[in-house]
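Open the model in your viewer and keep the selection panel at hand. The stops below run from the inside of the fold to the chain contact.

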Amino acid sequence: MTADPKSLPRSAAVAGDAQDARHPSATHHTAPVRLEASVAAEPGTHATGGLASGTDIAGMVGSAGASRPPLHTQTGTDTRTVLHLDIDAFFASIEQLRDPRLKGRPVIVGAGVIASCSYEARRFGLKAGMPLGEARRRCPQVVILEGHAQVYRCFAERIFELCRTLSPDVETYLDEAYLELTGTERVHGDLLAATARLRRAIQDDTGLTVTCGLGPNRMLAKLVGKTVKPDGLARLHEHEAEAFLTARPIEQLAGVGHAHARTLRSMNLRSIGDLRALPMGTLEALFGAPGRLLYERCRGRDTAPVTAREVPLSISRETSFHHDTADPRQIEGMLEYLVGRACRATRELDLTVRTVSVRLRYSDGESAEQARSLRQPSAVDPVVLALALDLLRRQATRRVALHAVGVTLSQFTRDTAEQGALFDEAQAGRRAALCEALDRVRADHGHGAVVSGRALHLRGTVPQDRHGFVLRTPSLTK
Amino acid sequence: MKNEALDEAVAVRADFQGGQVTPIAFKRRGREHRVARVNTRWVDRAGKHPRFYFSVTDHNGDVYQLQLQGGDLLWWLDSVTLEG
């Protein structure tokens with residue numbers, strides 16, 4: 001039994017309650033469940049050598065693609081293995097790598113609220129979502145950084161690239177990923193050892209540590225990983241799932257947010273095991289269709305596949321202003337800039353967008369959001385901007401300064417050509433050609449090389465570099 | 001910590017051994033800064049050409065961000081991070 005999962009020998013057994021002891025926040029103790037914890041490296045094994053780089057994994061387990069059914073359903077077996085990988089204190093760790101003077105110091109990244117904090121900062125009770133003012137009160141010596149979204153993206157992409165050496169099915173988020181490992185034992189051998197090699201490869205390559213959980217489905221893989229954070233590795237087998245879940249707090253169950261937890265606690269249901277007492281009909285009556293999911297999940301069942309999403313669910317760009325503002329030129333300028341960035345990201349994926357949503361946050365904390373769909377999917381700036389500006393003007397009706405503005409594009413389609421009425425075709429073609437030309441210029445010289453229309457009003461008030469305007473709180477979500 | 005954007009083209013002495021580029025020294029305003037340590041490196045592949053980034057500590061203990069543009073092989077000094 002050890003507090004450091006890295007020091008455990010191969011297949012060392014760690015009781016769940018010992019794992020919880022490392023995390024004082026976990027108030028409930030698990031039943032005595034065996035977790036296989038971090039595997040010692042094979043002597044003499046090179047960090048990346050064990051990942052069988054260059055091995056045609058796709059040839060053995062099928063080609064990657066969103067339409068392919070999950071492996072466990074293809075093979076007809078019920079021994080599914082999903083790996084959940086989470087980058088420890090992602091933004092803060094990168095900042096500590098970039099500047100060694102920050103090592104060992106409490107570091108937080110964020111503007112307004114904490115987006116990420118180092119483990120040194122967490123010792124003072126700081127956590128994501130906490131207002132910076134409170135963070136300063138709790139830890140006066142904390143180093144606060146505004147963040148470098150572009151740098152974080154590069155590190156995440158490199159880590160996900162390494163993940164793809166283990167499986168072709170990798171579903172990525174900003175700082176975490178799910179890997180479908182079912183059937184890959186034939187390539188990698190023991191999956192716990194293969195995951196340990198992946199973790200080492202990531203650390204050697206990027207200097208970052210990751211926490212990995214292996215489980216029979218996504219939900220359990222993520223949950224078991226949480227018990228060994230940071231820099232840990234744990235595995236949960238299917239037959240251990242029910243015991244593992246029984247004593248966990250109800251809030252830890254995927255799909256149980258603050259509101260659901262409040263409802264369930266008011267019924268004196270405090271642990272995931274307690275939830276099993278409710279029949280499916282009751283859960284459905286309480287929470288609608290998601291109640292059926294909760295019924296399955298509290299029994300350790302989760303059939304959601306790992307999908308290498310080629311088409312994202314949404315692309316959003318948002319920021320708070322350097323100073324709260326009611327100046328329509330500033331607000332519309334920022335919205336035009338954000339729409340331009342979101343549309344460029346959409347075009348880079350050869351997608352067109354159907355639905356545009358604009359979100360406002362006022363200086364008094366109130367917020368508003370409206371969404372509408374375009375008549376025809378498009379990815380050209382003026383078309384999306386026209387709808388976004390319309391949404392902005394409909395919502396910005398209060399006589400209160402704005403703190404933040406954001407745009408979210410969703411409902412993507414693969415059709416890249418902008419289609420319109422017969423007599424619009426020539427104009428649509430010209431618009432698309434203009435966007436392509438601008439994209440080429442920006443690819444060579446940075447997004448800031450071309451500033452369009454209303455966004456010019458931001459000059460002089462918002463700092464600028466080659467990558468564009470330096471936003472106060474760039475989107476730190478994928 | 002205060003991050004100050006510099007955005008200056010700089011002359012860099014670098015080692016290209018073993019298929020990996022490592023900055024050794026750079027000249028700014030006529031003064032040579034020897035790289036005491038490469039803190040971390042990353043690559044941005046979003047554009048047409050990759051951009052190679054380096055966080056380095058010079059011999060004075062200051063932390064700079066250098067960038068090598070893959071297209072034209074120009075070096076840029078992006079920023080310096082100051083204590084305080």
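Start with the largest nonpolar core, a set of 82 residues. This is a predicted model. Select A:L83, A:V107, A:I108, A:C117, A:F155, A:C163 and A:L179: these have the most contacts inside that core. Now colour helix α7 of chain A, residues 149-163, which gives the core its largest share, 8 residues.

Stay on A:C163. What does it touch beyond its neighbours within four places in sequence? Select A:L85, A:V170, A:A177, A:L179 and A:L198; A:C163 is in contact with each of them.

The crossing is right-handed. On the α7(A) side, show A:F155, A:R158, A:I159, A:L162 and A:C163. They meet A:L198, A:A201, A:I202, A:D205 and A:T206 in α9(A). By class, this contact has 7 nonpolar, 1 polar and 2 charged residues.

Last stop: the contact between the chains. Here 16 residues of chain B are in contact with 17 residues of chain A. On chain B, select β1 (2-9), β4 (31-44) and β5 (51-58); each supplies at least two residues to the side that touches chain A. Which strand gives the largest share of that side? β4(B) does, with 5 residues. Colour the chain B side by class to see 5 nonpolar, 7 polar and 4 charged residues.

Notes
Residues are numbered from 1 along each chain as its sequence is written. Chains are lettered from A and ligands numbered from 1 in the order in which they are written. This is a predicted model: local features need pLDDT of at least 70, side-chain atom pairs count only at pLDDT 80 or more; totals for chains, interfaces and linings use all residues. Two residues are in contact if their C-beta atoms, placed from the backbone, lie within 7 Å. Helices (H or I, at least four residues) and strands (E, at least two) are DSSP runs, numbered from the N terminus. Ala, Val, Leu, Ile, Met, Phe, Trp, Tyr, Cys and Pro count as nonpolar, Asp, Glu, Lys and Arg as charged, and the others, Gly among them, as polar. A nonpolar core is a set of buried Ala, Val, Leu, Ile, Met, Phe, Trp, Tyr and Cys residues joined through C-beta atoms within 7 Å. A residue is buried if 20 or more other C-beta atoms lie within 10 Å of its own, exposed if 12 or fewer, and partly exposed in between; C-beta atoms are placed from the backbone. A crossing is left-handed if the near helix is turned anticlockwise from the far one by less than a right angle, and right-handed if clockwise.
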